[in-house]
Amino acid sequence: MKKKIYLSIPIIAIALIIAVSFYRSRDKYITSTVVISDTILNITAQISDKNMEKLIGSITNEINRVDRILNPYNDSSEIAKINKESLSGKKEIEISDEIAHIFTTGLNYSKLNPSFDISVRPLIELWGFGVKENQTVPLKQDIDNALANIDYSSVSIVTNNDKKILTLSKPLTFDFGSYGKGYIIDKLKNVFKEYNIKNYLIDYGGDTYANGFNSKGKPWVIAIRNPRNDADGYLGLLESTNYTIVTSGDYERYFTQDGTNYHHIIDAKIGYPTYNSISATIVHTNAEDADALSTTAFLMGTNFFTNEAFKYKEAYIVTPEGELFIVTNENF
């Protein structure tokens, strides 16, 4: 891939992506906000009031459907059942085609960077970033014990008589939080297509996707906000048509203990939060990939740019020193 690399002057931070449509026409473009699965969903679309109500219903149904597959805290979800069977010692588990796809994505990125490991769930729970949100710095012995139960290389997926089988050489538990929202956005694109909606903007918990154009017939504008000091405005404004933009940052979920901030993005190789960047933003056509790549880029810092296996349109990484690095792949 042909790349252009830019280095800006020092910047305090990069962070949460906020979707902004600067121009809206009430009679053509409608905005709706709902909370689904504890996540805020903002949608702006060129649609009638009546169809917007139907659209929101269809979107809610689709998100709830995916939640019944991916949510490890929903005891009846497919992943919760897989985790339970794995801990019981089962070596072969039949899985759906859909979750087989999700596993495949996670395994691919785990192989590219083992700090990103889909079997990281024991560490997430240990640090208190699970459903109970009881954050504390664990004892090193507990971290070492958790690390012994993290190993993506012990996982494979085989097809047997048209059935997908998850094979495990040791008991593991899985969490797709690092790219699950992106996967949901990709599924929501299909819902918009079913309604024949061509101009819309999705913001699902900070992961955004812009399709078509805004009410002025121009690309949507996605603002990357400075999270350290909102008064300083935005890091940048990105024009987007048919692209997804996802950011991973140290400001999203964290706690402070003994004067140190500990964020929720845990390096699966060492068992602790990584501090190679402040945040990382990825521009991509596929939201699932963008979500996984933003986590990977955050974990790796600027070393992310040295791996040609990572495919994306643009990447923005802010270092702990506050420098912004931008890479654009012209041939993506």
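How many bridges pair β8 and strand β9? β8 and β9 (residues 207–211) pair in the antiparallel sense over five bridges, as the legend of Figure 2 sets out in context.

The model is predicted: local features need pLDDT of at least 70, side-chain atom pairs count only at pLDDT 80 or more, and totals for chains, interfaces and linings use all residues. Residues are numbered from 1 along each chain as its sequence is written, and side-chain values use heavy atoms, with hydrogens and water left out.

**Figure 1. The protein as a whole.** The protein has seven helices and 17 strands; helices (H or I, at least four residues) and strands (E, at least two) are DSSP runs, numbered from the N terminus. Of its 332 residues, 52% count as buried, where buried means under 20% relative accessible area, exposed over 50%, and partly exposed in between (1.4 Å probe, protein chains only). Among contacts with a separation of 6 or more, 63% are between residues 24 or more positions apart; a contact means heavy atoms within 4.5 Å.

Figure 2. Strand β4 (residues 39–46) pairs with β8 in the antiparallel sense over five bridges; two strands pair if DSSP finds at least two bridges between them. Thr44 has Leu201 of β8 as its bridge partner, and Tyr204 has Asp207 of β9. The hairpin of β8 and β9 has two residues between the strands, and Gly205 takes a positive phi near 60° there.

**Figure 3. The sheet of β5, β7 and β6.** Three strands form an open sheet in the order β5-β7-β6, with antiparallel pairing. Because β5 (92–95) and β6 (155–160) stand at the edges with a single partner strand each, one side of each is left without a neighbour in the sheet. From one strand to the next, the twist averages 30°. Four bridges join β5 to β7 (residues 163–168), and Glu92 stands opposite Thr167 in β7. Helix α2 (residues 78–87) lies across β5 and β7, running at about 170° to β5. Helix α3 (residues 97–112) lies across β5, β6 and β7, at about 145° to β6. Such angles run from 0 to 180 degrees between N-to-C directions, and axes are lines fitted to C-alpha atoms, for helices over the stretch in contact.

**Figure 4. The packing of α3 against α7.** The axes of α3 and helix α7 (residues 287–300) come within 11 Å and cross at roughly 30°. The two helices are therefore roughly parallel to each other; angles under 35 degrees count as roughly parallel, over 145 as roughly antiparallel, 65 to 115 as roughly perpendicular and the rest as oblique. The contact is made by His101, Ile102, Thr105 and Tyr109 of α3 and by Glu288, Asp289, Ala292, Leu293 and Thr296 of α7. By class, this contact of α3 with α7 has four nonpolar, three polar and two charged residues. Ala, Val, Leu, Ile, Met, Phe, Trp, Tyr, Cys and Pro count as nonpolar, Asp, Glu, Lys and Arg as charged, and the others, Gly among them, as polar.

**Figure 5. The packing of α1 against α6.** Helices α1 and α6 (residues 180–194) pack at an angle of about 145°, with their axes 10 Å apart. The residues of α1 in this contact include Leu55, Ile59 and Val66, and those of α6 include Tyr183, Leu188 and Phe192. The contact of α1 with α6 divides into ten nonpolar, two polar and three charged residues.

**Figure 6. Two loop residues with positive phi.** Most residues other than glycine have a negative phi. Asp162, although not a glycine, has a positive phi of about 65°. Asp162 lies in the loop between β6 and β7 and counts as exposed at 72% relative accessibility. Asn242, in the loop between β11 (234–240) and β12 (243–249), has a positive phi near 65°. Asn242 is partly exposed, with a relative accessible area of 37%.
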